Amino acid sequence: MHKLTEASRHPCRAVIGGSGISVPQKVLSNDDLAQMVETSDEWISSRTGIRTRHVTTDGESTAQLATEAARIAIADAGLEPAQIELIIVATITPEMVFPSTACFVQEAIGANDAWGFDLAGACSGFVYALATAGQFIETGRIRNALVIGAETLTKITNWKDRSSCILFGDGAGAVVLTSSQDPDSGLLYSYMGMDGSGWQYLNCKAYGSRFPAYKPLEDPNLIYMSIRGREVYQLAVRRIVESVKKCMEACNLDLGQIDMIIPHQMNARIIESAIKRLELPADKVFVNIDRYGNTSAASIPIALDECRRTGRVKKGDLVILVAFGAGLTWGANVLRI
Ligand SMILES: CC(C)(COP(=O)(O)OP(=O)(O)OC[C@H]1O[C@@H](n2cnc3c(N)ncnc32)[C@H](O)[C@@H]1OP(=O)(O)O)[C@@H](O)C(=O)NCCC(=O)NCCS
């Protein structure tokens, strides 16, 4: 049995009790995008692995997707909403500037004994949120937490910029983290990092306090996501590899002990490069970017839910969730399912 240095310190373990997802009904294909900008299905699928993505229509919002995913996850865990004590919504496309999206979810599901907040970790948001919720459970402070990744990135997408608009989709994934006394199950370790000097590579500048809504923008495109794809590509590969290696070192794991890596779905080629460097076989890495695109904080919980439901991960499996995103931010969680 491997040594679980960090996790074994805690009396309670945070295990995944249930999961759920919600995506908008509307699907946008690469051919649809080719009608909007100069691109092609061939270019998009060969450079990114994406074929279709779900997109919200007017009136569909982040809290709606988060609420639907949360309801499914709570039912899957066999709990009542009143048993949820903490709600963390990882998002960079919240329902409003304030109150938090977590407040809208709490009211909609009737989690009357919960407190909560939004966590802006961009594409690493779910990994950060899982580690954060895990701490409250591991210390015995709470028994059940709802951890959601929910995004409507298409609301801040520049549909005239072909290098970015092909990448993103909308959706939400939720898990219920619940307390267990089994010392070798649940969240075993988390490794996280950030480097704010890379904020210029990926951002959406307006509207915040630097570019407030009351002041006309010199560049109207500041309301959209801006990405420097080529630079991000290299950094993402490096940080994903580093995060997985740090987890393996901390938990004294070798490659053969990992049953599945669930990476943030940002680009199939980025995932392939990272996995090649880690010398992992392709069947130990889960990829569903072809159907969802990059849904930022929602991508890992959507993938994790699919893995659970299709039997790609089973009880007892050792799984690593790993992400990289704007900030720059990165990190990984080691989980025994
Ligand atoms: C964006 C990304 C797919 C671009 O792929 P790439 O192989 O690096 O492509 P490049 O940026 O080098 O562009 C190559 C050419 O394709 C063109 N191009 C860009 N988007 C295109 C599109 N949708 N369709 C057709 N051509 C396109 C470029 O203009 C460029 O043309 P040029 O050589 O004449 O200048 C890739 O860099 C990526 O996925 N990066 C990370 C994405 C990211 O930041 N995600 C969010 C973080 S989680």
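Two strands count as paired here if DSSP finds at least two bridges between them. Helices (H or I, at least four residues) and strands (E, at least two) are DSSP runs, numbered from the N terminus. With that settled, strand S12 (residues 318–325) and strand S13 (residues 329–336) pair in the antiparallel sense over eight bridges.

Before going on, the ground rules. This is a predicted model, in which local features need pLDDT of at least 70 and side-chain atom pairs count only at pLDDT 80 or more, while totals for chains, interfaces and linings use all residues. Residues are numbered from 1 along each chain as its sequence is written, and side-chain values use heavy atoms, with hydrogens and water left out.

Back to the sheet. S12 and S13 belong to an open sheet of four strands, in the order S8-S13-S12-S11, with mixed pairing. Which strands stand at the edges? They are strand S8 (186–194) and strand S11 (260–263); each has a single partner strand, so one side of each is left without a neighbour in the sheet. From one strand to the next the twist averages 15°. For the angles, axes are lines fitted to C-alpha atoms, for helices over the stretch in contact, and angles run from 0 to 180 degrees between N-to-C directions. Helix H7 lies across S8, S11, S12 and S13, and runs at about 145° to S12. Contact, here and later, means heavy atoms within 4.5 Å.

Next, the other sheet. An open sheet of five strands has the order S1-S7-S6-S4-S5, and its pairing is mixed. Strand S1 (13–22) and strand S5 (115–119) are the edge strands, each pairing on one side only. The twist in this sheet averages 20° from one strand to the next. Strand S6 (residues 144–152) and strand S7 (residues 170–180) run antiparallel and are joined by nine bridges. Within that pair, Ala150 has Ala172 in S7 as its bridge partner. Helix H3 (residues 62–76) packs on the sheet and touches S1, S6 and S7, its direction making about 125° with that of S1. Helix H4 (residues 101–109) also packs on the sheet, touching strand S4 (86–90), S5 and S6, with its direction at about 130° to that of S4.

Now the ligand. How many residues surround the ligand? The number is 23, and the closest are Thr39, Arg47, Arg162, Arg230 and Asn267. A residue is near a molecule if one of its heavy atoms lies within 4 Å of it. The shell divides into eleven nonpolar, seven polar and five charged residues. In that count Ala, Val, Leu, Ile, Met, Phe, Trp, Tyr, Cys and Pro are nonpolar, Asp, Glu, Lys and Arg are charged, and the others, Gly among them, are polar.

Helix H2 (41–48), helix H6 (162–165), helix H7 (229–250) and helix H8 (268–278) each supply at least two residues of the shell. H7, the helix lying across the four-stranded sheet, gives the most to the shell, with four residues.

Some distances. An N or O atom in the side chain of Arg47 is 2.8 Å from an oxygen atom of the ligand. A polar backbone atom of Arg162 is 2.9 Å from a nitrogen atom of the ligand. A backbone N or O atom of Gly229 lies 3.0 Å from a ligand nitrogen atom. Taken alone the ligand exposes 970 Å², of which the protein buries 76%; accessible areas come from the Shrake-Rupley method with a 1.4 Å probe.

Last, a few loop residues. Gly49 lies in the loop between H2 and strand S3 (52–54). Leaving aside neighbours within four places in sequence, Gly49 is in contact with Ile44, Ala268, Ile289 and Asp290. Gly49 and Gly293 are 244 residues apart in sequence and 8.3 Å apart in space, C-alpha to C-alpha.

Where does Pro99 sit? Its place is in the loop between S4 and H4, and the peptide bond from Phe98 to Pro99 is cis, with omega near 0°. A cis peptide bond also joins Ala206 and Tyr207, with omega about 0°. Tyr207 lies in the loop between strand S9 (202–203) and strand S10 (226–227). Asn252, in the loop between H7 and S11, has a phi near 55°, a positive value in a residue other than glycine.

Methods
Polar contact = N/O pair within 3.5 Å; in protein donor to acceptor, adjacent residues only side chain to side chain.
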